[in-house]
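Load the model in your viewer and keep the sequence panel open. We will go from selection to selection.

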Amino acid sequence: MKYYSTNGKVPAVSLEEAVIKGLAGDKGLFMPEGIKKFDGTTIDGLKDKSFHEIACLVARAFFGEDVDPDTLDDLVKDTLSFETPVVPITDSIYSLELFHGPTLAFKDVGGRFMARLLGYFIKKKGLGDVNVLVATSGDTGSAVANGFLGVPGIRVFVLYPKGRVSPIQECQFTTLGQNITALEIDGTFDDCQALVKNAFMDQALNEHMALTSANSINVARFLPQSFYYFNAYAQLDREGRAGELVISVPSGNFGNITAGLFAARMGLPIKRFVAANNRNDVFLEYLNTGKYTPRSSVSTIANAMDVGDPSNFARILDLYKSAGDVHKAICADIKGYRYTDEQIAETMQSVYRETGYTLDPHGACGYQALIDNKLQTGETGVFLETAHPAKFKETVDRILGSDIEIPAKLQAFMKGTKQSVELDKEFDEFKQFLLRQ
Ligand SMILES: *Cc1c(COP(=O)(O)O)cnc(C)c1O
């Protein structure tokens, strides 16, 4: 299958090239030329399959023309060493828990799959070392670093803002060693991102070393996120609850919800989507006005959603490009809500009080958006619980007056020794550092 650019100014490329490059030459995002649709019998049969079998089926629909089936099955198996259960919270609302992977957030799925697929292509092409640069405000760095840990032929440089990520987040990418190097930048997240962008544009650097990016623009990171939408459907179908599904996605860069829209295009019966935002609400504004006005992000307690210019918005527009009225078509499929920090805290408190379930601040947005969307009789709501609350322990304990337990997986990271290279935010120092590698 070929992958075209949403900007349409460069020719379509192979999967291999799309994965190695990340971003198209015209700065557009890659999109698969076709989306395979499953028939009703296949959808009906999902309930009799394991998560692994479901993921293989979906993976073959996307990547089956480019990667042989046995290799693909191995990649999927290696990626999914954990489950994504649906847990009932109320009579009509379920939490789709995506935090049972190694770094306790949904980004593990895409991070691990991308690492393995890129590793496979590098080996197949006999490429030398490929260097992955990733800027993080906390969560992406851990998922990407852990996904790539020990993958031959790949070195990862995680750039993070000194003193601006939580200790729990920091230890997940600074204690790994091996092929992972943490770069502690004396600056903000935006400075880190600027360093990465400048590196991709620097000719001398690109001649010296092969560089690629691992954020959610990469098709190998974002498409596998559709696996767990199918798996959620299968689980609910077993309980006779999959008839009228409404799925709410806490959204920042909109990669996760876009993977859900792909699942729907592939025939998964989802009645509508709900995009839940914190105060960074450019998407909601687009739904309300038809105008998209990107701006700088503001910080909130759901910080993984602090995005002022969601990169996957271009993919959503592209998915609807053949609709006569694009805005109207998007509004028909996706509803939007936004929450302040105070509202997020209130939701966390009331759910904890009434059901005993601990939401993290991101999942709380997803849950509340289902309440505000007012499910009709017969509808089942599912919100994506995108991270384990212990990842945001200080915030969660403060809001709930709790002392939540840190899962063993997280504790293991906290016992490791921090290793990082401190750099200032000037591009030249970063460049000289990379040139010495
Ligand atoms: C990354 C992240 C999000 C936002 O996901 P997008 O795909 O960027 O919309 C939501 N919650 C958590 C915990 C995250 O880490």
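The tour starts at the ligand and then moves to a sheet and its helices.

This is a predicted model, with residues numbered from 1 along each chain as its sequence is written. Local features need pLDDT of at least 70, side-chain atom pairs count only at pLDDT 80 or more, totals for chains, interfaces and linings use all residues, and side-chain values use heavy atoms, with hydrogens and water left out.

Now show polar contacts (pairs of N or O atoms within 3.5 Å). An N or O atom in the Lys107 side chain is 2.5 Å from a ligand oxygen. A polar backbone atom of Asn253 is 2.8 Å from an oxygen atom of the ligand. At Asn256, a backbone N or O atom lies 2.9 Å from a ligand oxygen. On its own the ligand has 380 Å² of accessible area, and the protein covers 97% of that (Shrake-Rupley method, 1.4 Å probe).

**Stop 1: the sheet.** Select the strands β9-β6-β7-β8-β14 in that order: five strands, an open sheet, parallel pairing (strands are DSSP E runs of at least two residues; a pair needs at least two DSSP bridges). β9 (210-213) and β14 (421-424) are the edges; each has a single partner strand, so one side of each lacks a neighbour in the sheet.

Zoom in on β6 (residues 130-135) and β7 (residues 154-161), which are joined by six bridges. Val130 stands opposite Ile154 in β7.

**Stop 2: a helix.** Select α8 (residues 189-201), which lies across β6, β7, β8 (180-186) and β9 (contact: heavy atoms within 4.5 Å; helices: DSSP H or I runs of at least four residues).

Technical notes. Polar contact = N/O pair within 3.5 Å; in protein donor to acceptor, adjacent residues only side chain to side chain. Axes fitted to C-alpha atoms, helices over the stretch in contact; angles between N-to-C directions.
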